[in-house]
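Good morning, and thank you for coming. I would ask you to look first at the structure on the screen, and then to follow me through it.

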Amino acid sequence: MPPNAPEDLSRTIETLYRSESGRILATLVRLLGDLDLAEEAMHEAFAAALETWPHTGLPDKPRPWLISAGRFKAIDVMRRRGRIDAAQKDLALQLEARVNEAPQEEEMEDDRLRLIFTCCHPALPSEGQVALTLREVCGLTTEEIARAFLVTTATLAQRIVRAKAVIRDKAIPYQVPVSQELSARLGAVLQVVYLVFNAGYSAEATGAGLSREAIRLGRLLLDLLPEPEVAGLLGLMLLQESRRAARSSAEGELILLDRQDRSQWNRDQIAEGIALTESALRSRRFGAYTLQAAIAAVHAESSSAASTDWRQIKLLYDRLIQIQPSPVVELNRAVAIAMYEGPEQGLHLIDDLLAGEELANYPFAYSARADLCRRLGRLPEARASYEKALSLTRQEPERRFLSGRLEELK
Amino acid sequence: MKYICLGYYDPAKHAGMTEDERNAMFDECFEYDDHLRANGHFAAGEALQPRETALTLYWKNGKVASTDGPYAETKEQLGGILVLEARDMNHAIQLMSQHPAVKYGSIFEIRPTGDMSEIMKASEQRRRKLTAR
C-alpha cells in the first residue's frame, strides 16, 4: 500500500485528532478570542485536512497546518457573519492581518493552561466546569461525558451550552491567573480534576475511564504547572487508583481497605504516587491533597491493616484538620486512633461527633461506629448502627456491603 | 456522528411575509446550507410539501388503515429534514444555532441517530437459523 493511501490518511487524521485537538483548540481560542468560533474552526480545519491531504500528502508539520487552516476557516465564518454584523467584519479583517504569524511552541503549552483555567473558572457552575473541562481539554464528546455521568445527552449538552454562555456573558478572559490569584484559582482547577476522579471512583461500569481521564489531566497539569499541590493530587489519585482491582470482588461486592488482598495493589502506581507525594512534602508548600496522599502512602507501604503505622496516620489527620477542618476528616482520625489506642477511645470520639449535627445523616459514621462496637463485643449496638447506616444509603454496592456485615452478626 | 434535525415552522407566519422577505430568508438559509455542505456537515436534506399532502398509515382491526394529514397535529408543522454530520451533540447545537432559519422563527429538534448495527446483526443470525432449519 502506498504511504498516503486514503484509508491510512484518515486513520492518521483520527489519531492526530485525539493527540492534537486539545492543543490546537487552545491555541485557536487565544488567537480568535472565542471558544465557539475556535471549536468550529478546528472542526473545519480537520475536515479540510481530510479533503486536502489525500491530494497533497501529509504536511511535514501537521499541527501548524491545522492551526493555520483553522484561522482561515474562522475568517470565512466571520466574513459570513460580517454581512449581517459590521463588528464581525472588523474582526475578520484583524484576523486576516495576523494570519501569517506562526504561534511559538512554548506559547502553545501556555494556551492549554489558559484554557484549563477558563473551563474551571469559579463563575461557572461546578457541573459545567467538569463537563467543559472534559470536552474542551480532554477531547471527550458530549455523548461520552453523558454516559460516564449517567445523565442524558441533552442534559449534558445544556450544561456545556450554559457554561459557554457564562464565559461569553461575563467576558471571562483566556489567561493564567497572576501569582496573587493563582493559588485560589488553582484550587478550583484541582477540585474539578478530583471531582472527575471521584466520579470514576464511585461509578461501577463507567468509572475506570473517568479516573484514567482525571489522572491524564493531572499529569498534563503537572507538566504545565509544576506546583507541589498538583504533584500531591496526582500522587493521591495514583495511590487510590492502585487499589482498584482489590476494592471490589468478582461479584462487584465492596471490599474495604482492611480486608483487601494487598497483592492485587498496583505496585507501579504506588511507586509513582509515593515519589510524587514525597516531592510535594519536601517543598513545604503543600496542602490538603498532599496530606491525603501521604495518608494513602502510609497504607500503601503497609503489608496489612494490623502492621500499619496508625500513629503516623493520626498525626497526618491532625495536620489535615488544621488546614481543612471537616467532620469527615475527624471521623477518619477517630478510626485511626481506634486502631492503635483501642476501639473504646475511637468510639468515644465518634459518639461525640455524632452528637453534633453535621454527621447525623452520614452513613459511614454509623458503619464505623458499628465496626468498633463489633470489636468490643457489643453486638446489639453494632447491629443497630449497621441498620442505621443502611437506612441512610441508597448506593447499591454500599447497601450490599452493609447487609453483608449485618448478616455476619446474626 | 449523524444528527437528524427536524425543522418546524409556522405556516401562518410565512404566509404573512412579502415576496422579498421570503426570498431574503431563502437566500440566507440556502447559503448557510452551502456552507454546511462545503465543510462536510450536510449529509442530506429535503424540504417537505405542506401537511395537507401527508398521509398516515397504521394498523387497525387486523388490517392497514390510513387517514389524511400528518400523524401529529401541531400549530408548527414539519417543514424539512436535515441530516447533519457533527462530532457530538454540542457541535450539532453550535452548527444549527447559526442556521438563519432559527432567526426567522423555525424550531429545530435535534435527534442523534441510533446505532442499530448490533440489533441488526442479532436479527440476521436469527433469520439465518430459521432458513437453515
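I shall speak about each chain, then about the contact between the chains, and finally about some single residues.

A word on conventions. This is a predicted model, in which local features need pLDDT of at least 70 and side-chain atom pairs count only at pLDDT 80 or more, while totals for chains, interfaces and linings use all residues. Residues are numbered from 1 along each chain as its sequence is written, and chains are lettered from A and ligands numbered from 1 in the order in which they are written.

Let us begin with chain A. Chain A contains 19 helices and 0 strands; helices (H or I, at least four residues) and strands (E, at least two) are DSSP runs, numbered from the N terminus. The C-alpha trace of chain A spans about 80 × 55 × 40 Å along its principal axes. Of its 410 residues, 39% count as buried. By that I mean that 20 or more other C-beta atoms lie within 10 Å of the residue's own; a residue with 12 or fewer is exposed, one in between is partly exposed, and C-beta atoms are placed from the backbone.

Contacts are the next term: two residues are in contact if their C-beta atoms, placed from the backbone, lie within 7 Å. Among the contacts in chain A with a separation of 6 or more, 57% involve residues 24 or more positions apart.

Chain A is divided into domain 1, residues 6-99, and domain 2, residues 334-410. These bounds come from an automatic or database domain assignment. Taken over C-alpha atoms, the centres of the two domains are separated by 57 Å.

Helix α14 of chain A, residues 310-323, has 14 residues and reaches 20 Å from its first C-alpha to its last, close to the expected 20 Å. The expected span is 1.5 Å times one less than the number of residues. Which residues of α14(A) are buried? They are A:Ile313, A:Lys314, A:Leu316, A:Tyr317 and A:Leu320. Seen down the helix axis, these buried residues fall within an arc of 160 degrees, so they line one face of α14(A). The arc is that of the directions from the helix axis to the C-beta atoms. The buried residues of α14(A) pack against α13 (288-300) and α15 (327-341) of chain A.

Helix α18 of chain A, residues 379-392, also has 14 residues. Its buried residues are A:Ala382, A:Ser385, A:Tyr386 and A:Ala389. They cover an arc of only 100 degrees around the axis, which puts them on the same side of α18(A). On the other side of α18(A), A:Pro380 and A:Ser391 are exposed. The packing partners of the buried residues of α18(A) are α17 (363-375) and α19 (396-408) of chain A.

I turn now to chain B. Chain B has 5 helices and 6 strands, and along the sequence they follow the pattern β-α-α-β-β-β-β-α-α-β-α. The C-alpha trace of chain B spans about 65 × 40 × 20 Å along its principal axes. Buried residues make up 19% of the 133 residues in chain B. Of the contacts in chain B between residues at least 6 apart in sequence, 74% join residues at least 24 apart.

How do the chains meet? In the contact between them, 15 residues of chain A touch 11 residues of chain B. On the side of chain A, α2 (35-56), α7 (142-148) and α8 (153-169) each supply at least two residues. The largest share, 6 residues, comes from α2(A).

Finally, some single residues. A:Glu51 is placed in helix α2 of chain A, and with 12 C-beta neighbours inside 10 Å it counts as exposed. The C-alpha atoms of A:Glu51 and A:Ser10 are separated by 9.7 Å, although the two residues are 41 apart along the chain.

A:Arg284 is not a glycine, yet it has a positive phi of about 60 degrees. A:Arg284 is in the loop between α12 (267-283) and α13 of chain A, and it counts as exposed with 7 C-beta neighbours inside 10 Å. In chain B, B:Asn61 likewise has a positive phi, near 50 degrees, in a residue other than glycine. B:Asn61 is in the loop between β3 (55-60) and β4 (63-68) of chain B, and B:Asn61 is exposed, with 5 other C-beta atoms within 10 Å.

Thank you for your attention.
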